[in-house]
Amino acid sequence: MTNSETDGPEMTSGARVTIVTRTKNRPIFLARALDDIFAQTFQDFELVIVNDGGNPADVDHLTAQRSEAERSRITTLHHAESAGMEGASNAGLKAGSGEFVVIHDDDDFWAPEFLARTVAYLDDPAHAAESGVMVRTEIVIEELVNGKIEPIRREIFWADMRQITLADMLKINRAVPISFLYRRNLHDHVGYYNENLPVVGDWEFHLRVLSHSRIGFLDGEPLAFWSQRPQSDGHHSNSIFAKVAEHAQYDALVRDDYLRDQAAQGGLGAMLYLTRVLSEQEELIVTQQRRLDESAAKLDHILERLEALNQTVVVRTSVGEFLKKPMLLVRKMLRRS
């Protein structure tokens with residue numbers, strides 16, 4: 001961890017929810033995030049802003065513009081050097097005391113009832129065994145145009161998802177931090193975010209959580225909105241686009257670490273068998289793809305020949321139609337003579 005200093009009023013004690021907002025040199029997004037957070041219909045929260053190596057003046061300027069009542073609920077952590085996404089998350093979480101916690105990155109946002117709906121879900125005794133709840137999420141493709149955030153299009157994130165399962169999460173990360181409110185005591189059981197992971201840290205945390213307990217899911221209209229900017233770079237970019245190679249690299253490393261732990265506990269027998277089965281399936285898929293490619297090439301060749309034949313028929317038919325009437329006239333004249 002890098003050194004950090006706390007700048008701002010003392011954290012309000014007793015708030016039920018701790019919201020952690022990670023930011024770095026993106027005041028235009030942080031301004032929207034602050035508006036979004038304080039527009040929640042559920043107001044029993046505290047906010048920890050983690051300025052992870054960015055310009056402190058930008059953050060302080062925005063928080064100073066909030067009302068006195070809002071400022072009393074904000075704690076700002078300024079990191080002189082970046083601790084990374086997971087280091088920033090952990091610092092923010094440890095600075096708060098809420099019963100429930102959620103990561104609200106500076107560029108994402110919520111529907112006004114996000115906190116109300118998720119807190120009510122976890123307060124329901126029927127969901128006491130669930131460690132947290134995720135919500136239906138919408139991806140919002142955006143661009144920065146002349147200093148303004150312009151939405152381009154929207155699409156539902158994992159539109160076919162109806163529940164959160166470990167089986168699905170093992171394949172690929174099916175959630176983002178903005179969508180996940182969970183019980184603080186979860187960290188007592190599964191630990192904090194892995195600060196050795198510059199990317200995919202949220203996915204690795206989700207794996208540990210789901211290995212420990214169930215996560216609920218609120219279906220229906222989207223309550224969380226994941227902002228994406230495929231065309232942006234620098235501080236305004238998303239890691240999912242700017243760090244594609246790192247995502248692939250650390251995805252593989254996380255899987256390898258878990259395999260190594262499993263091997264240490266139960267040996268390699270089962271995994272050797274499963275990997276052989278998977279290898280055979282991959283070989284079968286490659287063979288089928290090769291056959292499909294060959295069939296496609298043959299079909300292309302046939303279509304080319306048909307097109308050539310079609311052109312020939314058109315030409316010949318056109319000439320025949322052109323000569324047909326003169327030939328009939330000649331025949332009539334011959335008959336008369």
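Mentor: The answer below takes up an open sheet, then a pocket, and ends with a salt bridge.

This is a predicted model, in which local features need pLDDT of at least 70 and side-chain atom pairs count only at pLDDT 80 or more, whereas totals for chains, interfaces and linings use all residues. Residues are numbered from 1 along each chain as its sequence is written, and side-chain values use heavy atoms, with hydrogens and water left out.

The sheet is open and has four strands, which follow one another in the order β6-β12-β8-β9 with mixed pairing. Helices (H or I, at least four residues) and strands (E, at least two) are DSSP runs numbered from the N terminus, and two strands pair if DSSP finds at least two bridges between them. The edges are held by β6 (109–110) and β9 (148–156); each has a single partner strand, so one side of each is left without a neighbour in the sheet.

Consider β8 and its two partners. Strand β8 (residues 137–145) runs parallel to strand β12 (residues 224–228), and five bridges join the two. Along this pairing, Thr137 has Ala224 of β12 opposite, while Val140 has Ser227 of β12 as its bridge partner. With β9, by contrast, β8 runs antiparallel, and eight bridges join this pair. Here Glu143 faces Glu150 of β9 across the pairing. The two strands form a hairpin with two residues between them, where Asn146 takes a positive phi near 55 degrees. As background, the side chains of a regular strand alternate between the two faces of the sheet.

On a 1 Å grid over the protein atoms alone, a pocket is an open set of points with protein on both sides within 12 Å along at least five of seven lines, where a cavity is a set in which a 1.4 Å probe fits but cannot get out; lining residues have an atom within 4 Å of a point. Grid points are joined across faces, edges and corners, and the volume is the space filled by probe spheres set on the points. Sixteen residues line this pocket, with Leu170, Arg255, Tyr258, Leu259 and Met271 nearest its centre. Two or more lining residues come from each of α6 (166–171), α8 (201–212), α10 (244–266) and α11. Of the elements, α10 gives the most, with seven residues. By class, the lining has 10 nonpolar, four polar and two charged residues, where Ala, Val, Leu, Ile, Met, Phe, Trp, Tyr, Cys and Pro count as nonpolar, Asp, Glu, Lys and Arg as charged, and the others, Gly among them, as polar.

Finally, the structure holds 22 salt bridges, each a side-chain nitrogen of Lys or Arg within 4 Å of a carboxyl oxygen of Asp or Glu. One of them pairs Glu86 with Arg22, whose closest N and O atoms are 3.9 Å apart. This pair links distant parts of the chain, as Glu86 lies in helix α4 (residues 84–95) and Arg22 in strand β2 (residues 17–23), 64 residues apart.
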